[in-house]
Amino acid sequence: MIQQQYIDSGILEAYVTGSATEAEVEELMYMKAKYPEVNFALQQLELDMEHIAQTMAVTPPAKSWDKISETIDELILRPEYDPKQFEPGAEKTNYQNFRTEGGPQFIEVESESSHMRIHKTWKWVFAAVFVLGKIFLGCAIYFYLANRQAQQQVEELKTELRQLKK
Amino acid sequence: MTTILKPTLTGTEASMPLSAQTKHGLYNSYSSMLLGYLLEALKDKQAAEQYLVEIFSQLEFTDIQAITKPGVNTYCQLQMIARKKLSAFLATVDDCAEPAKTSQPRVISGNKFIDMMSHEQQTVFCGVHYHGKSINALSAELEKPEAEIKRILKESFTIIRNQRNDTATVHR
């Protein structure tokens, strides 16, 4: 049988000892998936490797874990979603479909948010306020300059009057 | 009967973050086995401990998920990670097999499996397992075809299997 020939070829042993080539590994994955005998033989070899390791095991010093634990950062496992919930037909009710397997489902609501939602018509109100603000600013500058010019003219007239009185 | 070790959650782990719990479970189950392998490969206790710390420190959550999947032998996957990490260093370490024509002692001692192997089997088994040599490299080194190297490697595993079965029978 082809699977027995494959098992006897020594490729499985090469794989568990990490000396198989990439092509051999690919072939092995295929054979493992196709033939249960190959899968069983591989499992037995892996148990052999474990057996060697158990026999030669050396307990690490306690400080080793302390060093490892210092480097651990908190990682959050992302929930697995069902791909069907993202199908085009499910768009309108996506919030209902957006759920994980098992357990009660809730829509998460942020109770303390620094943002607020307003109606789209407010966009035009804000635009109008902005434009009016600019107009008023322009008017204020214009009148300020006009007023300053008028004051200068008044001052000049006063000066002329004083000179005439003399 | 051989049991497959899987990470288990202990009381002290419950207070840890998820990733730390999983990593601690793996460490509890496999660190001694992995250190034994590293020690045999490196022959330096301090370096082996350092490598052990590095291997577990650099394990990311995705790696842990991949090596703890059902149907995957977690220890063998960890050993492959260790082997990759050691690949540059292993080339500089002496071979395990006793030189055929000298009286120089073997570097690995106390490994009953290697003791049971012939010189040729030791060269091949230690070459691939502890020194990260490829079948191709061993084929060139021993001047034998690759199929022959694989056959010798298979013989080495037969010796280990027989010993494992003997042990299982004794314990039964």
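Reader: Which residues of chain A make the nonpolar surface patch of about 660 Å², and where is Ile118(A) found?

Author: In this predicted model, the patch of about 660 Å² is made by Met116(A), Ile118(A), Trp122(A), Val125(A), Phe126(A) and Val129(A). As for Ile118(A), its place is the loop between α6 (94–97) and α7 (122–165) of chain A.

Reader: How many residues does each chain give to the contact, and what area do chain A and chain B bury between them?

Author: The contact draws 43 residues from chain A and 54 residues from chain B. Carbon and sulfur atoms carry 66% of the buried area, and the area itself is about 4300 Å².

Reader: Which residues in chain A lose the most area to chain B?

Author: Three names answer this, and together they account for 15% of what the side of chain A buries. They are Glu50(A), Met56(A) and Trp65(A).

Reader: How many salt bridges and how many residue pairs in polar contact are counted between chain A and chain B?

Author: One salt bridge joins the side chains of Asp48(A) and Arg161(B), at 2.7 Å from N to O. A nitrogen–oxygen pair counts within 4 Å, and across the interface the rule finds three salt bridges. For residue pairs in polar contact, the count is seven.

Reader: Which element gives the largest share of the side of chain A that touches chain B?

Author: Elements giving two or more residues to that side are α1 (2–8), α2 (11–16), α3 (22–34), α4 (36–55) and α5 (62–71) of chain A. By type, the residues of this side divide into 21 nonpolar, 12 polar and 10 charged. The largest share, 13 residues, comes from α4(A).

Conventions: Residues numbered from 1 in each chain as written. Chains lettered and ligands numbered in written order. Predicted model: local features only at pLDDT ≥ 70, side-chain atom pairs only at ≥ 80, totals over all residues. Heavy atoms only, no water. Patch = residues over 30% accessible without salt bridge, like charges linked within 9 Å, V, L, I, M, F, W, Y side chains within 5 Å. Areas by Shrake-Rupley, 256 points an atom, 1.4 Å probe, with all protein chains shown as cover. Helix = DSSP H or I, 4+ residues; strand = E, 2+ residues; numbered from the N terminus. Contact = heavy atoms within 4.5 Å. Buried area = accessible area lost by both parts, 1.4 Å probe. Polar contact = N/O pair within 3.5 Å; in protein donor to acceptor, adjacent residues only side chain to side chain. Nonpolar A, V, L, I, M, F, W, Y, C, P; charged D, E, K, R; others polar.
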